[in-house]
Amino acid sequence: MDRLSITGGHPLNGQIAISGAKNSALKLMVASLLTPEPLTLTNVPNLADTRFLAQLLATLGVEVYWPKGAHECHLNAETLSSTIAPYDQVRKMRASFNVLGPMLARYGHATVSLPGGCAIGARPVDLHLKALSAMGADLLVEGGYVKAAAIHGLKGAHVVFPFVSVGATEHAMMAATLAQGTTVLENAAREPEISDLADCLNKMGARVSGAGTATLRIEGVATLKGTRHAVMPDRIEAGTFAMAAAAAGGDVTLTQAPVGVLGALIDALEQAGVTVEADRAAGTLRIVRGATALRAVSINTQPHPGFPTDLQAQFMALMSLADGTSIIRETIFENRFMHAPELSRLGASIEVGGREAVVKGVETLRGAPVMATDLRASVSLVIAALAAEGRTEVSRIYHLDRGFERLEDKLAACGAAIERLSGDEG
Ligand code: EPZ
């Protein structure tokens with residue numbers, strides 16, 4: 001298993017180009033199942049997760065042409081060889097579960113393994129199933145699989161989500177594009193990735209309106225066609241590098257950045273005393289931090305446009321070096337503080353009680369061996385290590401490889417002393 005070795009104390013200076021958004025790319029790739037025509041996606045990030053989803057789609061019979069290292073991915077689901085997504089593939093990545101609705105909508109049947117929980121929480125799929133059932137799907141949960149059928153096709157429905165779910169909104173939206181009649185999704189997620197997916201679906205001939213608001217309206221159509229679509233830039237990657245620059249100090253400009261959807265983070269960084277210059281038209285975000293101390297800022301994670309849960313761990317790493325005490329409340333996932341004990345190994349002072357972490361800023365962090373527990377937790381350790389004195393070794397970075405493209409190269413190009421070590425600990 002690879003590890004990262006990071007020697008802290010080097011400010012970051014330079015430019016970092018932001019890659020395509022993992023969480024958008026995954027759902028856009030799934031959308032290929034809705035049409036017998038080719039879907040070409042550009043700006044697809046080369047990540048363990050996107051490659052993994054491509055494998056699952058290939059297992060289902062989708063022709064995938066995606067050369068190694070390329071960012072353009074061609075998917076052709078003209079005919080599927082199977083509508084069964086097996087446990088081994090779905091359990092490794094939850095987004096795989098979203099193949100259920102599109103296959104059901106197009107073929108009238110699909111069998112997909114339940115994804116199971118993961119390190120950050122139980123993460124059930126009840127809202128996904130309720131939405132499909134409201135659209136007339138017969139669902140049988142048996143032996144760890146959801147067996148779904150809609151022999152006469154899915155029907156438009158009025159679905160009111162009891163709370164916001166990104167995955168359930170996307171899942172229901174995709175299934176509804178091929179349903180008979182109109183579907184209205186209320187209390188829908190407003191994440192930018194939903195709008196990216198809606199844009200692509202509309203280019204494919206779907207009739208989705210309201211993306212970016214809490215009410216989505218989808219008029220079903222008989223068939224969808226192929227198209228070409230560029231994946232939006234990754235707001236979580238951009239936010240992560242912004243916080244890396246804020247923690248290590250320096251002057252970094254992020255290019256191809258989704259500036260317009262980073263408002264909550266930009267506010268928090270400015271309150272912390274970091275200089276942020278956002279140029280929406282140019283898609284650049286400049287982060288400058290000199291010798292000034294960081295101020296403590298408290299945040300609650302919220303669905304978009306609130307502070308994203310996927311940036312919470314990174315913000316905690318930053319706040320562990322602030323002047324004062326910040327309270328970080330995680331309202332989306334019940335177990336998303338696993339980075340706290342690892343950050344403490346670097347000298348951070350963090351007390352976790354339920355969904356709240358109290359972070360008392362310290363003057364210095366010190367390098368130590370630490371272990372990644374999930375994707376965003378692992379990158380919070382990298383941020384802390386960049387600002388720490390001495391050397392940190394982050395193990396289990398396969399988590400990191402799921403969601404950050406060439407992370408160490410991008411940071412090293414800005415002056416970070418970061419290196420990938422292959423194999424197990426020596
Ligand atoms: C997406 O997960 C993202 N993943 C997550 O990013 C992100 O943290 C999350 O949205 C919130 O923004 C992908 O897009 C692939 P949810 P998702 O459904 O869709 C509960 C990362 O690091 N819930 O909005 O699974 C659920 O347990 C990942 O890139 C139900 O109870 O998130 C959670 O507490 C991690 N029943 C809350 O809702 C359901 O049927 C929000 O989850 C569905 C969800």
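**Cavities, a pocket, sheets and helix pairs**

Visitor: What is the volume of the second largest cavity?

Guide: This is a predicted model, in which local features need pLDDT of at least 70 and side-chain atom pairs count only at pLDDT 80 or more, whereas totals for chains, interfaces and linings use all residues. Residues are numbered from 1 along each chain as its sequence is written, and side-chain values use heavy atoms, with hydrogens and water left out. A cavity is a set of points, on a 1 Å grid over the protein atoms alone, where a 1.4 Å probe fits but cannot get out; grid points are joined across faces, edges and corners, and a volume is the space filled by probe spheres set on the points. For the second largest cavity, the volume is about 30 Å³.

Visitor: Which helices each supply at least two residues of the lining of the second largest cavity?

Guide: Lining residues have an atom within 4 Å of a point, and here they are Thr309, Gln312, Ala313, Arg336, His339, Asp374, Arg376 and Ala377. Helices (H or I, at least four residues) and strands (E, at least two) are DSSP runs, numbered from the N terminus. The helices asked for are α10 (312–319) and α12 (375–387).

Visitor: How many charged residues are in the lining of the largest cavity?

Guide: The largest cavity, of about 50 Å³, is lined by Ala21, Lys22, Asn23, Glu193, Asp234, Arg235, Ile236, Asp310 and Arg376. Ala, Val, Leu, Ile, Met, Phe, Trp, Tyr, Cys and Pro count as nonpolar, Asp, Glu, Lys and Arg as charged, and the others, Gly among them, as polar. By these classes the lining has two nonpolar residues, one polar residue and, as charged residues, six.

Visitor: Which residues are the closest to the centre of the second largest pocket?

Guide: A pocket is an open set of points with protein on both sides within 12 Å along at least five of seven lines. The second largest pocket holds about 230 Å³ of space, and its lining divides into eight nonpolar, three polar and three charged residues. Of the 14 lining residues, the closest to the centre are Arg289, Ala293, Leu294, Leu321 and Glu363.

Visitor: What is the bridge partner of proline 38 in β5?

Guide: Strand β5 belongs to an open sheet with the order β4-β5-β3-β14. Four bridges join β3 (residues 38–42) to β5 (residues 73–76), and these strands run antiparallel. In β5, the partner of proline 38 is asparagine 76.

Visitor: How are α5 and α6 oriented, roughly parallel or roughly antiparallel?

Guide: Axes are lines fitted to C-alpha atoms, for helices over the stretch in contact, and angles run from 0 to 180 degrees between N-to-C directions. The axes of α5 (residues 126–134) and α6 (residues 166–177) come within 8 Å and cross at roughly 25°. Angles under 35 degrees count as roughly parallel, over 145 as roughly antiparallel, 65 to 115 as roughly perpendicular and the rest as oblique. The orientation of α5 to α6 is therefore roughly parallel.

Technical notes: Two strands pair if DSSP finds at least two bridges between them.
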